[in-house]
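Here is a short note to read alongside the model. Please keep the structure open while you go through the points.

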Amino acid sequence: MLFDLTRCQKEDEIAWKARGHGVADIAVDAKKNVFTAGLDGKARRNLKVIGAEASRIAVTPAGEVFTVSSSGVVRSLGPKDTKWKSYAMRAIDVGAGANGQVWIVNGRGKAAFLKKGKFYVYGNTPCSANRITVEYNGQPAIVCKDRKIFESVKHEGRGQHWRKLQGRALDIAAGPSGDMMVIGQNSAGNNNMGIWRYIEKQ
């Protein structure tokens, strides 16, 4: 299958509103609560500090938030939890899918999934990754350090298969409807790298 890397919308069709602090990463749960990893290293929920150092952040639809600190420590906090949980595996990035599946890029650039409170590296990651997202069905997609983009098409059984997608990117995100979007590597003008959506060719 082929993909076109197509501009999401014309710039004059998007109205942006500035909110709160500068952020390094952002995530939204099913109730539209906004979680951010601030440039000051603090995790926030709807602009209120919730503790835990965070340089990267993700949240499940149920509201369980996962953070990665600048030193690679992964922590999580459920919507009813009062204490953060820490995980043994270090990470560079974290993502959560619409089905609740959580993946990280570990400190060696490998994709790893969460199962029963522990992260496991599964299969062969096709590059040294530094960004990850999780599609609605629990499949990860990654951006490599050389900015190539790969999507996992299978991660059950005894093998994991990846396909390379068109284009290059700085970051990637997937939504519950199946949309996948990236921040492109090329300038779109006015210090804007451009937000792009993948459109599958028929």
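**Notes on the salt bridges, core and surface**

1. Start with Arg163. This residue counts as partly exposed, because its relative accessibility is 21% and the buried class ends under 20%. Keep in mind that the model is a predicted one. Arg163 pairs with Glu151 in a salt bridge, and their closest N and O atoms are 2.8 Å apart. Arg163 sits in strand E17 and Glu151 in strand E16 (residues 148–154), so the bridge ties together parts 12 residues apart in sequence. Glu151 itself is buried, at a relative accessible area of 7%.

2. Next, the wider set of bridges. How many salt bridges does a search of the whole structure find? The count is 7. Some share partners: Asp25, Arg56, Asp93 and Asp171 are joined in this way into one network.

3. Is Arg56 buried or exposed? Arg56 is buried, with a relative accessible area of 6%. Asp93 is buried too, because its relative accessible area is 0%.

4. Arg56 has another partner to check. It forms a salt bridge with Asp171, where the closest N and O atoms lie 3.1 Å apart. Here the link again spans distant parts of the chain, from Arg56 in strand E6 to Asp171 in strand E17 (residues 161–174), 115 residues apart. Asp171 counts as buried because its relative accessibility is 15%, and the cut-off is under 20%.

5. Now the nonpolar core. Which residues touch the most other members of the largest nonpolar core? They are Val94, Val102 and Phe119, out of 13 residues in that core. Four strands each supply at least two of its residues: E7 (65–68), E10 (91–96), E11 (102–106) and E12 (111–115). Strand E10 gives the most, with 3 residues.

6. Turn to the surface. Where does positive charge gather? Lys31, Arg45, Lys48 and Lys80 make up a positively charged patch on the surface. Take Lys48 as the example. It is placed in strand E5 (residues 48–53). Lys48 is exposed because its relative accessible area is 62%, and exposed means over 50%.

7. There is a nonpolar patch on the surface as well. Its members are Leu170, Ile183 and Ile195, and together they have about 200 Å² of accessible area. Leu170 is found in strand E17. Leu170 is partly exposed, at a relative accessible area of 31%.

8. Last, a loop. Gly123 lies between strand E13 (118–121) and strand E14 (129–134). This glycine is partly exposed, with a relative accessible area of 38%. What separates the C-alpha atoms of Gly123 and Lys110? The distance is 9.1 Å, for two residues 13 apart along the chain.

Key: Residues are numbered from 1 along each chain as its sequence is written. This is a predicted model: local features need pLDDT of at least 70, side-chain atom pairs count only at pLDDT 80 or more; totals for chains, interfaces and linings use all residues. Side-chain values use heavy atoms; hydrogens and water are left out. Patches are made of residues with over 30% relative accessible area and no salt bridge: like charges are joined within 9 Å, nonpolar side chains (Val, Leu, Ile, Met, Phe, Trp, Tyr) within 5 Å. Accessible areas come from the Shrake-Rupley method with a 1.4 Å probe; for residues, only the protein chains shown count as cover. A salt bridge is a side-chain nitrogen of Lys or Arg within 4 Å of a carboxyl oxygen of Asp or Glu. Lys and Arg count as positive and Asp and Glu as negative; His and the chain ends are not counted. The place of a charge is taken as NZ of Lys, CZ of Arg, CG of Asp or CD of Glu. Buried means under 20% relative accessible area, exposed over 50%, partly exposed in between (1.4 Å probe, protein chains only). A nonpolar core is a set of buried Ala, Val, Leu, Ile, Met, Phe, Trp, Tyr and Cys residues joined through side-chain atoms within 4.5 Å.
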